[in-house]
Amino acid sequence: MSLRACRVCQGTDLLHHSTLENFPVFIWPLKTPEISKHPTTNIELYICKMCGHAQLQDFSDEFVSYLYSEGSCLEDERALKTERHQKLSQNLGATFFDHKRVLDVGGGNNPYAMFLPKSEYWISDIAPTPQAKELTPHIVEGPFENAAIPNGYFDVIFSFQSMEHFSRPSDVVSKMAKSLKDDGILVIEVPNFQGLVNKLPYYTLFHQHISIFSVTSLFKIAEKHGFFPHNLLRQDEVILAIFKKSKPQEPVEFQEPTSVEMANRLMNRFKILKTFLEKDQNLIGEIAAYSAGGSMALMLSHYPQLREKVTLCFDIDKRKQGRFLPLTAVPVQDPVHIAKHKAVPFLFLNDTLYDLIVKEYKVKGANVAKMLAEIDHIESEK
Ligand SMILES: [Zn+2]
């Protein structure tokens, strides 16, 4: 499996940085406990030597559709949407979107439309949900690159948490440039490579996220199609930026490591985390996984020996309950059943859940977020 050309600059001078073996194709709980029906493939991480864009190997269009064929239990991204809305309102003004023609590319699952009731809101998505269809009559179903969308029509184009999913993002930005008015704005939000390495390293690389954007590579792909960055509103776990077709008075300043440095740090953090996991007394025998989302499936895929020890799994999300943790025959149960399994130590991925569940059920546990904080400390001392 290889990559023929960079998805941002089309350059062919590519660094093959690393391989993650046998990663689950579906990171949400599956309907069957038969592990042979939990498909896996390797993940190959490439970094373009020309523009620095980090990305996975080539996938066929059939494979990309297959990635979404099992559906996904989308997390409620309300916090993310609220923060986004605050940033955009602060920067553009609270009434900026009123009576504007807005296109939300890839917003069929989690539309932002509820925040902008006074706009003419269009959604382009491969598979919009019935909820999205209730929000607006302007739904264009199918791949955005070929969508029947008027040229030069929109005042605003949004792409929130969608650019990383496209196998040909350059074609997407090219189409955005055609659809946007000359004085329109393009607003893009993507997961930030640097922020993921810091906060959620195990959630950085998976099949659905074909591109791992940095600020540098996001700006490059926009500039290639005639967009100039005007504002960088967030550069933490996500990148949130505003682009226009006109040059800004002052260029947008930012700092970040190179993608190769970020990828090296990511792999190094996995190695150090392994030593933490191996020495944690809670993780010697069987363990219970608290939460069954993509984060847990990926965390356990980085450490298959840890996954083999998981005999129980709990998640508050009813859609996940009764299904099976990827690459295991472990069913996802309602946390009300924890009381029966207090002797088994738990694996947690975040401080909030650790504090809540340990206190409520008096269980023991290992907390990966705490381990990562200690790793930050070790790294900062070097
Ligand atoms: Zn490139």
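The protein chain has 11 helices and 16 strands; these are DSSP runs, numbered from the N terminus, with helices (H or I) of at least four residues and strands (E) of at least two. This is a predicted model: local features need pLDDT of at least 70, side-chain atom pairs count only at pLDDT 80 or more, and totals for chains, interfaces and linings use all residues. Residues are numbered from 1 along each chain as its sequence is written.

Next, the domains. Domain 1 covers 78–261 and domain 2 covers 280–381, with bounds from an automatic or database domain assignment. Their centres, taken over C-alpha atoms, are 33 Å apart. Domain 1 puts 4 residues into the contact and domain 2 puts in 5, where contact means C-beta atoms, placed from the backbone, within 7 Å.

Now the core. The largest nonpolar core holds 99 residues. Such a core is a set of buried Ala, Val, Leu, Ile, Met, Phe, Trp, Tyr and Cys residues joined through C-beta atoms within 7 Å; buried means 20 or more other C-beta atoms within 10 Å of the residue's own. Val102, Ile157, Leu186, Leu218 and Ala289 have the most contacts inside this core. It lies between domain 1 and domain 2, because both give residues to it.

What does Ile157 contact, leaving aside neighbours within four places in sequence? The partners of Ile157 are Leu103, Val105, Met176, Ser179, Leu180, Gly184 and Leu186.

Last, the whole chain. Of its 382 residues, 39% count as buried. Among contacts with a separation of 6 or more, 62% join residues 24 or more positions apart. The C-alpha atoms fill a box of roughly 65 × 45 × 40 Å along the principal axes.

Definitions and conventions: Two residues are in contact if their C-beta atoms, placed from the backbone, lie within 7 Å. A residue is buried if 20 or more other C-beta atoms lie within 10 Å of its own, exposed if 12 or fewer, and partly exposed in between; C-beta atoms are placed from the backbone.
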